[in-house]
Amino acid sequence: MNGGSSAVADNTAAAAVEPILDVDGVTLQYKTKEHLITATYRVDFKVYPADRFVLLGPSGCGKSTLLKGVAGYMTPVEGAMTLKGKVIKEPGPDRVMVFQEFDQLLPWKTVKQNITFALTNGGKCAKQSEAEDIAMHYINKVKLDRFEDTYPHMLSGGMKQRVAIARGMAMEPDVLLMDEPFAALDALTRLQMQEELLQLWEDTHFTVLFVTHSIEEALIVGSRILVLSPHPGQVKAELNAHQLSHESVGDPAFGELKAKIHNMLFADRILEDDLEGKGQQ
Amino acid sequence: MSKNVPELVMRPEFEAGDIQDAHTGDVERQLSIFERVWNINGVRKIVILFGLVATWQIYTVALDVEPLMFPSFTLAAERMLNDLFYGDLIWKIWFSVKVLLYGYGMGMGIAAVLVLWATASRLGSDFIATATAMFNPLPAIAMLPLAMLWFGLGTASLIFVLVHSVLWAVALNTHSGFKNVSQTLRMIGENYGLRGVPFVWKVLVPAAFPSILSGMKVGWAFAWRTLIGAELVFGASSGSGGLGWYIFESSQNIETEGVFAGLFMVILIGIVVENIVFRNVELKTVNRWGMQR
Amino acid sequence: MSSVPQTVVRDEFEAVDLGSASHGDVARKLTIFERIYEMDSVRKFSILLLLMVAWEMYTRVSGVSELILPKFSDTAAALYSAVAGEQLLIMVWNSMTILVTGYAIGLAIATVLTTAATMTRFGSDVLSTLTAMLNPLPAIALLPMALLWFGLGSESIVFTLLHSVIWPVALNAHTGFMGVSETQRMVGRNYSLKGIVYVVKLLIPAAFPSILMGLKIGWAFAWRTLIAAELVFGGSISDTEGEQAGGLGWFVFANQMDMQIPHVFAGLFTVILVGVFVENIIFTNIEMRTVRRWGMQSS
């Protein structure tokens, strides 16, 4: 997208705007059958309104765990996460999550019902008719009109992810959480979905927290990138990428930043050769 | 609807110089021994089993329940061991198992022939669909009166109803399993020049194995239930002895601990077949091939 | 190196105008006969008809004793007279009442067990231990104990039916709940679904294929147990409770005792009809409207 620089507020304004999400020194741990794993260690970052904030790192850097923490599925053992000044304790409809897995759509509900289910149960709409109007609005936005009464198993992978995104946006959450939403798609569809996501963002500048393991995707989708190191996840850098988009893929600036992040991730010589390839699994 | 959209907030970039070592304890820590032992399923289940048996024993002894109505665990266990080692319970079990194996084997054989016919011709396929739709919902035990009429009071009648209980369940599942084998796998088989019986044996059977296995499990469950039921009915009408007959005899003689001893054996055999025999077949085939979780 | 074949470079080619195919129609309708023959139900129905004709012919030609294999026509006549004059329908009703009672109570108990098992790990362990032990135990084997505890009456049959329904239903429902994908659970919690609402709106539909499977197996076992119990009962309490006491199993048993073989066949037919009705009409319909439509079941 090209509106990057015009959409950017003045540098000095940063202090005036309050961050939406404040992650402060968060350490997350979880148990497996045999071990207690520390996924992230004292991670700090702030997400501001209209950010397309990307968590980037190789597999095992705890980025998905971090996102689950923000969503409220896990509680930190150390540090705090606050959303608009309130500490995050449990999952809630103010932070809607879009997952990588296609089965995130409820198979027993049609496309429209999946969205109205979220709206009525998430406390967004009291009336069914109101929910249906909102649902249709977002179905049109993701170009799925004519499919509103289809059951998810009839849709392709890309269409399913579109429904999930529509469902997330319809809830108008404070922050939309996306956990590698395009990783299970084929390369062409992924490109198309990235572009569509940016177009949708142009409309309302909603806030996104986006997890990916692809440097390129981070540069295209993100306006701000948090680079994490693996085992356990720690912050390596926070970089700006708002000036980059699909059009700049061939530019030297794009290549430079890509190489910089690449070096950052591989400096520790922890060779995660699936850094790029894992998406095609 | 986008009048007042928020704008991007610019802020300086940031790079961590040197990442310090994490020191909230370990990145990976082993759970304590107690946590790990308690995490073993077998341990928890055995504890529960002991709890159940203890409750039973305490209930019967403490409340002084009439043993004719509900004997204590020790009484029933004692009776079981006694009859196993000094009585003829072991022979009765053998009698039941033998009849069951005959019936199961014959049922499988007939099912195999029917399904082969069904894969070879559409008439066969239609026949099997009609016959299973009709006979599968018919409890095999209901055929017992007819079987007694046709084959008299003997093992032949028992085997007849057992065949009936196994045949349709297995044929139904195998047939639908074959129908659902993916077109790709069929084409691969034909690509290698497999036709006829080798095609069925080398492509269809392994590809449909999850379905066949589930048919065999359902067939076993029905056969086992039918056999025990038939022996109970037989008990009422004649009196030749298997495990079901042992239970019936004990209850007629109001030896309740004998009934429980018989039930223990029924459960034991059931567990051996379902959790050892079938479980192992599953582990070595469909689980290993990743066709089933 | 031996000589390898080389690429043959040819001229490029692009089709300019695609002429319409003049070789018959692209899609041709099949003839009426072909289309009728393609209908599954027609073929199956004719097979059924064929079987009946074969049966009738065989009994007429071979002159086999009516006590071994009655004619089809005699069986049909017996069925008619049983329905018209011998209260066969009332017997079916008696059987179904007991069956539904047992099935419903069994479902309720299974629900309680599964709830306990889904909420706590201890409950889950208790349930899996109990099902591993009691699921392989044929319910009919409990009939002697039930007779002792509850006496000769429908309570005993209901008790055995409970046993035949509870374990398969609880086992399958529990496996179903355990198998609900983590993603779908998180989606539900994302919308702040909690407690019973979460179970009803998310877990139950997500686990429905498995639950339905449990319901079907439970029905199959209960139906078999009921018929068997009535056959056994037939031997022990036939005349203690008046004429209307018996069920369908009892009808088969009593007629076999009286050597009314056409009536035995008529009874078996009724058993098949009830079974086909429940399995192929009730359950298949539920399946069509739920799991098939949602694409949650492959076949």
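A: Gladly! Two residues are in contact if their C-beta atoms, placed from the backbone, lie within 7 Å. By that rule, 20 residues of chain A are in contact with 16 residues of chain C. This is a predicted model, in which local features need pLDDT of at least 70 and side-chain atom pairs count only at pLDDT 80 or more, while totals for chains, interfaces and linings use all residues. Residues are numbered from 1 along each chain as its sequence is written, and chains are lettered from A and ligands numbered from 1 in the order in which they are written.

Q: How many residues of chain C and chain B are in contact?
A: Here 42 residues of chain C touch 44 residues of chain B. On the chain C side, 28 are nonpolar, nine polar and five charged.

Q: At what angle do helix 5 of chain B and helix 2 of chain C pack?
A: Two packed helices are described by the angle between their axes and the distance between the axes. Helices (H or I, at least four residues) are DSSP runs, numbered from the N terminus. Axes are lines fitted to C-alpha atoms, for helices over the stretch in contact, and angles run from 0 to 180 degrees between N-to-C directions. For this pair the angle is about 75 degrees, and the axes are 9 Å apart. The two helices are therefore roughly perpendicular (65 to 115 degrees). Among the residues that meet are B:D126 and B:F127 from helix 5 of chain B, and C:R43 and C:K44 from helix 2 of chain C. This contact divides into four nonpolar, one polar and three charged residues.

Q: Which residues touch the most other members of the largest nonpolar core?
A: A nonpolar core is a set of buried Ala, Val, Leu, Ile, Met, Phe, Trp, Tyr and Cys residues joined through C-beta atoms within 7 Å. Buried means that 20 or more other C-beta atoms lie within 10 Å of a residue's own. The largest core has 221 residues, and those touching the most other members include A:L177, A:L226 and B:L162. Helix 10 of chain C gives the largest share, 17 residues. Beyond its neighbours within four places in sequence, B:L162 has contacts that include B:V99, B:L100 and B:Y104.

How values were computed:
Ala, Val, Leu, Ile, Met, Phe, Trp, Tyr, Cys and Pro count as nonpolar, Asp, Glu, Lys and Arg as charged, and the others, Gly among them, as polar. A residue is buried if 20 or more other C-beta atoms lie within 10 Å of its own, exposed if 12 or fewer, and partly exposed in between; C-beta atoms are placed from the backbone. Angles under 35 degrees count as roughly parallel, over 145 as roughly antiparallel, 65 to 115 as roughly perpendicular and the rest as oblique.
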